[in-house]
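Biologist: I am new to this structure. Please take me through its pockets, its cavity and its core, and tell me what each term rests on.

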Amino acid sequence: MNRLSFIFFLFAVGSFAQENSTNSDIKKQIEDYNASFAIAFTKGNQDDLVKAYTDQAIFMPEHSRQRVGIKTIRDFYKQWLKQAKITSYQKTILELQDFGNYVLEIGTFNEDLNLNEQKAFSYIGKYAVLWKKPSKKGVAPTIAAEIWGSSSYFDDKNIPDINDIEIPKTKKYIPTDKLTLEVKERNKTIKELVQNRQGAEHAKMFMPDAMYLTYYTPILSGEKEITDYFTEHEKPGTLRIEQISIETSNIIYAQKAIVEFGFYSVDWRDGDNHGNVKGKSINVWKKDSNGELLLFRQIVNHD
């Protein structure tokens with residue numbers, strides 16, 4: 001049995017029960033990394049900021065384009081620190097989901113910064129980091145992907161203006177296997193629901209114990225909070241979605257989840273007002289007991 005067939009077999013027999021237990025060594029390593037990152041950020045030590053990333057790491061900062069690889073991530077932090085003085089930074093871990101060969105860390109952050117010649121600003125939000133477990137004992141985990149976003153609306157003039165001109169455009173992932181094609185079909189359904197303003201139906205694409213981390217909003221947990229959000233956010237009215245694309249840039253097959261990296265573009269119109277919104281996401285899919293592919297965790301931000 002090949003690898004993808006074996007993964008599909010695991011999904012089909014309902015192996016997607018929530019995993020709350022995480023190896024204590026990995027947990028300690030993540031906590032130590034977060035503490036060292038905070039020190040490096042406030043001191044402006046760029047080498048320590050990027051030590052956990054690899055050439056394959058997917059980096060999704062808020063109000064900036066997706067970047068891949070340690071070189072482009074280093075450039076992001078170089079620009080950030082050139083424009084801002086970080087006076088304090090703290091992460092609080094809310095959960096660690098063990099997916100077998102990967103661990104998903106979800107938490108909140110508080111970053112106090114001063115842009116050049118501007119007053120102090122508290123950048124408060126939530127984040128997710130996908131950690132790849134090491135194959136050897138005693139080796140530190142590496143960051144496979146990272147994304148974050150504010151928990152409330154804010155003026156992006158309060159954070160550094162990152163120049164993405166040299167960052168390549170995000171490319172579509174071409175599906176070649178049954179699971180990826182299934183994810184693509186689920187995204188097609190979501191696209192139709194968003195365009196038709198069917199928020200309550202959109203919420204049904206999530207598992208009952210799902211978490212949704214979207215732009216300018218605190219973390220939404222569970223069926224009721226997610227349903228309430230989509231019912232209001234995507235209700236029928238004067239707002240029209242004239243065009244929408246939802247694409248996949250990459251897929252990681254963890255042992256106990258599918259981790260999809262997405263990007264989207266939405267053209268909207270409301271009376272005389274209109275515009276375009278672009279963004280990106282990390283989507284963690286699992287299958288329920290009926291074999292239906294649903295969102296277990298989703299983290300979204302705007303470019």
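Biologist: Which elements each supply at least two residues of the lining of the second largest pocket?

Modeller: Helix 5 and strand 9 do. Helices (H or I, at least four residues) and strands (E, at least two) are DSSP runs, numbered from the N terminus. Helix 5 gives the most, with seven residues. This is a predicted model, in which local features need pLDDT of at least 70 and side-chain atom pairs count only at pLDDT 80 or more, while totals for chains, interfaces and linings use all residues. Residues are numbered from 1 along each chain as its sequence is written, and side-chain values use heavy atoms, with hydrogens and water left out.

Biologist: What makes a space a pocket, and what makes it a cavity?

Modeller: Both are found on a 1 Å grid over the protein atoms alone. A cavity is a set of points where a 1.4 Å probe fits but cannot get out; a pocket is an open set with protein on both sides within 12 Å along at least five of seven lines. Lining residues have an atom within 4 Å of a point. A volume is the space filled by probe spheres set on the points, which are joined across faces, edges and corners. The second largest pocket has about 330 Å³, and the largest pocket about 630 Å³.

Biologist: How many residues of each class are in the lining of the second largest pocket?

Modeller: Six are nonpolar, four polar and six charged. Ala, Val, Leu, Ile, Met, Phe, Trp, Tyr, Cys and Pro count as nonpolar, Asp, Glu, Lys and Arg as charged, and the others, Gly among them, as polar. For the largest pocket the division is 15 nonpolar, nine polar and three charged.

Biologist: Why does Thr-180 count as buried?

Modeller: Buried means under 20% relative accessible area (1.4 Å probe, protein chains only). Thr-180 has 4% relative accessibility, so Thr-180 counts as buried. Thr-180 is found in helix 5. Leaving aside residues up to four places away in sequence, Thr-180 touches Tyr-173, Pro-175, Ile-251 and Tyr-253, where contact means heavy atoms within 4.5 Å.

Biologist: How many cavities of 30 Å³ or more does a search of the whole structure find?

Modeller: One. About 130 Å³ of space lies in the largest cavity. Phe-37, Tyr-77, Tyr-89, Glu-146 and Trp-148 are the closest to its centre among the 13 residues that line the largest cavity. Helix 2 gives the most to that lining, with three residues.

How values were computed:
Buried means under 20% relative accessible area, exposed over 50%, partly exposed in between (1.4 Å probe, protein chains only).
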